[in-house]
Amino acid sequence: MSKLKIAIQKSGRLSEKSLSLLRECGIKIPNGNQKLMTVSSNFPIEILFLRDDDIPQYVEQNVADIGILGENEVWEKNRKVETVRKVGFGNCRLSLAIPKDESYTGISYFNNKKIATTYPKILNDFCRKNGLNVEIEEISGSVEIAPGIGLANGIFDIVSTGSTLLMNGLKEVETIAYSEAVLIKSPDLPEEKQQILDQLLFRIQSVIYSRENKYILLNAPNEAIKQITALLPGMRSPTVLPLAEEGWSSIHSVIKEDDFWSKIDQLKTLGAQGILVIPIEKMII
Ligand code: PRT
Ligand code: ZN
């Protein structure tokens, strides 16, 4: 039986999370990612550990069938690959930054300026779309030091917390794109491999649902059931079970983690007590 070959980052920000996602999908992967390649013992998949920059090319050339990498690399490399879905981590933005003491006058500030970046294609596309005449200085790392050493007037780079910019005396002035880790595939995946990918995608979906949602249990007076049900619609509708104490029920449902804190006060006002919020291991809708 053929195996699906997945390329993930060998060592870097996305490595651990890519491996954890596969493991949470129930895929057993031997420890130690120092090797170039490893095979799962319980799912027809081979894992290739590569530099993230190389993943689009390898997927285009069918060295790997699928890959997980930052969408920014997909845009930059512009290879013939299909983006299948986001995988729930690696969020960042691609921004223009300039020395903090410069006064920023809007995007035309960059006209006839030099910008250092490791993402020349994304930057060039942006400049062309906005009619900017910019000199792009491509460098392979430590972009944030470029203005300080006189290599460029500004930089175009990935930002997440913003502390790298701050530490280098820079300020973020334009956000050009938001990126996160995605799963890509080769556009000509054989049917057999597509079937394995479909199984994997089904598992990824259930892992992502379970990360985003929590199981919630609470006790409430019967007269509040209707309003609480409206607040906690759950997957179909909540389970309502009578408590031994007359006039009270236990309500079980599923809630989005992000919604929980905004709904908690309303639940308490409606008389909810003994609220428990429990992680969900897997969730299939
Ligand atoms: O060796 P390899 O080529 O595989 O790795 P790499 O060094 O190219 O990539 P790596 O591991 O740094 O990042 C992999 C992917 O993670 C990127 O392509 C992005 O999609 C995503 N990602 C998410 C980030 C960041 N957040 C991030 N903060 N990639 C890089 N950074 C860097 C950024 O370049 C800057 O130097 O972190 C610094 C900014 O961080 P803050 O928090 O100070 O703003
Ligand atoms: Zn890289």
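In what order do the 4 strands of the open sheet stand? The order is β13-β14-β12-β15, and the pairing is antiparallel. Strands here are DSSP runs of E with at least two residues, and helices are runs of H or I with at least four, numbered from the N terminus. Two strands pair if DSSP finds at least two bridges between them.

This is a predicted model, where local features need pLDDT of at least 70, side-chain atom pairs count only at pLDDT 80 or more, and totals for chains, interfaces and linings use all residues. Residues are numbered from 1 along each chain as its sequence is written, and side-chain values use heavy atoms, without hydrogens and water.

Angles run from 0 to 180 degrees between N-to-C directions, with axes fitted to C-alpha atoms, for helices over the stretch in contact.

Now take one pair. β13 joins β14 (residues 248–256) in the antiparallel sense over 4 bridges. Here V240 stands opposite I251 in β14.

Helices pack on this sheet too. Helix α6 (residues 191–212) touches β12 (213–221) and β14. Its direction makes about 45° with that of β12. Helix α8 (residues 257–269) touches β12, β14 and β15. The direction of α8 makes about 150° with that of β14. Contact means heavy atoms within 4.5 Å.

Elsewhere, V39 lies in strand β2 (residues 37–39).

Terms used. Chains lettered and ligands numbered in written order.
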